[in-house]
Amino acid sequence: MKTLDQLKKEILEDGVIDAAEVKEIETVIYADGTIDQEEADFLFELNDAVSGKDNDASWEALFVKAISSFVLDDEESNGEIDAEETKYLVEQIQGDGTIDTTEKALLNSLKNALGTLPEALENLLK
């Protein structure tokens, strides 16, 4: 199986994520059944690199599912976004200086799942 770095290099050769690449990303990041910090960072890096491009629609769906899983399905704060996760999400979403449609979809999905977001995340939707 490819490493995250190998996968990122291949995907970014053309700067667009197609459906086959989404399936490959999903296979690699879910190999152990959970999304860890390194995999979440990888997804945000990829998203920043392909933001605004003609990516396959399945990219946004995978990004939202995986990042939601990373923050909501953890042992420390299962089913909620704690202060550390809020800080992480704000830093990642604002990291490239813009909030793109994929990141907005993530925030809206989290809001729908939880009913409300921590204030710092809510402010990103404004």
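Phe44, Trp59, Phe63, Phe70 and Tyr88 come together as one aromatic cluster in this predicted model. Four aromatic pairs are counted here. Let's look at two of these pairs, and then at the nonpolar core.

**The Trp59–Phe63 pair**
- Trp59 and Phe63 make a tilted pair, with 5.7 Å from centre to centre and 50° between the planes.
- Both residues belong to helix α4 (residues 57-72), and because they are four residues apart there, about one helical turn separates them.
- Trp59 is buried, and Phe63 is buried too.

**The Phe70–Tyr88 pair**
- The ring centres of Phe70 and Tyr88 are 5.5 Å apart and the planes meet at 65°, which means the pair counts as edge-to-face, the class for angles over 60 degrees.
- Phe70 sits in helix α4 and Tyr88 in helix α5 (residues 83-94), so this pair ties together parts that lie 18 residues apart in sequence.
- Phe70 and Tyr88 are both buried.

**The nonpolar core**
- The largest nonpolar core contains 36 residues, and Ile25, Ile29, Leu43, Trp59 and Leu89 have the most contacts inside it.
- At least two residues of this core come from each of α1 (4-12), α2 (19-29), α3 (37-50), α4, α5, α6 (101-114) and α7 (119-124).
- Helix α4 gives the largest share, with nine residues.

**Around Leu43**
- Once neighbours within four places in sequence are set aside, Leu43 is in contact with Ile25, Ile29, Trp59, Phe63, Ala66 and Ile67.
- Among these partners of Leu43 are Trp59 and Phe63, the two residues of the tilted pair.

Note on methods
Residues numbered from 1 in each chain as written. Predicted model: local features only at pLDDT ≥ 70, side-chain atom pairs only at ≥ 80, totals over all residues. Heavy atoms only, no water. Phe/Tyr/Trp six-rings, centres within 6.5 Å; stacked < 30°, edge-to-face > 60°. Buried < 20%, exposed > 50% of the residue type's maximum accessible area, 1.4 Å probe, protein only. Core = buried A, V, L, I, M, F, W, Y, C linked by side-chain atoms within 4.5 Å. Contact = heavy atoms within 4.5 Å.
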